[in-house]
Amino acid sequence: MTANKEKIWDNRGRAPFLLLALAAGVTAGCHGHTRQAATPPRAAPAAPAPPLDLTRVQPNEGGQVPILEYHNLTASGKVGGYEYPAAEFRRDMEWLYAHGYRPVSLADYAKGRIDVPAGLSPVILTFDDALVGQFRETAAGKVSPDCAVGILEDMHARHPDWPLRATFFVLTDQDPKMPKPFTVPHEAALPGQDGFAQEKMTHLVQDGFEIGDHTLHHHLGMRRMGDAQVEAEFAGGVAGIHRYLPGYDVQTLALPYGVFPRNKKTLVAGQSGGLSYRHLAALDAGWYPAPSPLSKTFKPYRIPRIIPGDEHTRPGSLNTIRYWLAYLETHPAEKFVSDGDPNTYTVTDSAASGLNEARLHEGGFQLRTYSGARLTARRVPDSGEAPQR
Ligand SMILES: [Zn+2]
């Protein structure tokens with residue numbers, strides 16, 4: 001395996017690894033290429049990648065992806081640990097749009113299917129705890145324009161190429177001691193929203209947003225729990241989602257407070273109370289951008305996020321959303337830039353050694369590398385095959 005890897009990555013450009021060299025922008029028979037909506041079967045031969053104009057777009061699909069972690073949005077100007085002014089959130093979204101980011105689904109990211117136009121960059125939006133500032137309805141049953149859902153729907157209306165993609169890690173009243181989703185005010189002046197919980201959960205899925213597992217009770221002490229209790233927390237989170245969305249395929253998990261259980265296997269799959277769960281990915285809380293999902297450093301069950309923090313009041317604060325977005329602007333070589341095809345990974349010749357060849361192969365992805373204007377389609381090795389001579 002190691003020998004194979006060295007051969008593949010260190011002998012770049014030498015037969016038999018060089019299948020064909022493509023002149024930039026000139027590829028026969030690719031103009032009818034269509035995106036595959038579903039994940040192709042394992043190692044399925046993918047369609048030829050679409051042409052790429054390297055004078056216009058320099059993809060960097062081994063680069064980093066910011067995953068933003070928001071809690072409550074508020075009307076006030078104060079930034080607290082779990083509160084962020086709605087006006088600042090709106091500003092973040094407009095900044096992202098203007099700087100070439102487009103939201104992608106967390107599940108697609110975890111699968112490595114990043115579907116944004118060539119030259120643009122993915123961003124992932126996440127919201128924890130199902131707080132009312134994320135989704136508030138007016139007395140007339142309309143989405144409030146100042147909650148996260150209202151702001152995202154408005155973004156999409158004004159910028160149709162900004163898709164409705166975000167993941168809501170919800171808490172529910174599966175345990176009746178817990179409040180219903182999107183009813184916790186955190187602001188004394190807000191009226192109760194209890195009557196809208198079902199409507200909101202349905203609305204999110206209809207919009208195309210994703211719902212993720214945030215456990216049953218949001219305990220701080222998950223590290224001290226035995227496996228059975230941990231599985232009860234994860235399965236209970238899924239059961240709570242099914243209370244509102246029967247049969248919904250819950251694919252992702254966010255650990256409350258970023259505290260992980262000791263037994264990492266419980267993150268992947270388990271069962272409790274007759275309900276089994278299977279997560280594709282588990283998210284941490286904080287502190288830096290996430291790697292490319294095909295990077296060797298990508299850990300699907302320990303994906304980092306970044307938080308608003310106090311950048312608002314203390315510009316330059318470390319580990320916050322604005323700090324890291326500014327950092328990626330000044331370090332563009334570290335930022336994920338798409339080639340426009342979710343089934344193909346395109347990186348510079350020198351960045352290829354940072355990609356995980358087993359995941360490339362398992363996902364049926366094509367690989368291309370480039371240097372200057374010279375683009376080369378690479379053979380993705382079967383990780384089980386004998387080393388090449
Ligand atoms: Zn939480």
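Reply: The protein has 9 helices and 15 strands; helices (H or I, at least four residues) and strands (E, at least two) are DSSP runs, numbered from the N terminus. Residues are numbered from 1 along each chain as its sequence is written. The model is predicted: local features need pLDDT of at least 70, side-chain atom pairs count only at pLDDT 80 or more, and totals for chains, interfaces and linings use all residues.

pLDDT is the predictor's confidence in each residue, from 0 to 100. Its mean over the protein is 84, and 80% of the residues reach 70 or more. Over residues 1-43 the pLDDT is below 50, and this stretch has 60 contacts in the model beyond near neighbours in sequence. A contact here means two residues whose C-beta atoms, placed from the backbone, lie within 7 Å.

Of the 389 residues, 44% count as buried. A residue is buried if 20 or more other C-beta atoms lie within 10 Å of its own, exposed if 12 or fewer, and partly exposed in between, with C-beta atoms placed from the backbone. Among contacts with a separation of 6 or more, 65% are between residues 24 or more positions apart.

Now the core itself. A nonpolar core is a set of buried Ala, Val, Leu, Ile, Met, Phe, Trp, Tyr and Cys residues joined through C-beta atoms within 7 Å. The largest one has 73 residues, and those with the most contacts inside it are L68, F89, I124, A148 and F168. Helix α6 (residues 227-244) gives the most to this core, with 8 residues. Apart from it lies another core, of 10 residues, including A351, A352, F365 and V380. In soluble globular proteins, nonpolar side chains tend to be buried together.

L68 belongs to β2, where L68 and Y70 point one way and I67 and E69 the other, all of them buried. Strand β2 runs parallel to β6, and 4 bridges join the two; strands pair if DSSP finds at least two bridges between them. E69 has T126 as its bridge partner in β6. Leaving aside residues up to four places away in sequence, I124 touches V65, I67, L68, P103, V104, L106 and Y109.

In the loop between β6 and α4 sits A130, which has a positive phi of about 55° although it is not a glycine. Most residues other than glycine have a negative phi. A130 counts as buried because 26 other C-beta atoms lie within 10 Å.

β2 and α2 are also among the elements that cover the buried residues of α8. In helix α8 (residues 321-330) these are I321, W324, L325 and L328. Seen down the axis of α8, they fall within an arc of 100°, so they line one face of the helix; the arc is that of the directions from the helix axis to the C-beta atoms. E329 and T330, on the other side of α8, are exposed.

D227 lies in helix α6 and is partly exposed, with 14 other C-beta atoms within 10 Å. D227 touches N263 and T266, not counting residues up to four places away in sequence.
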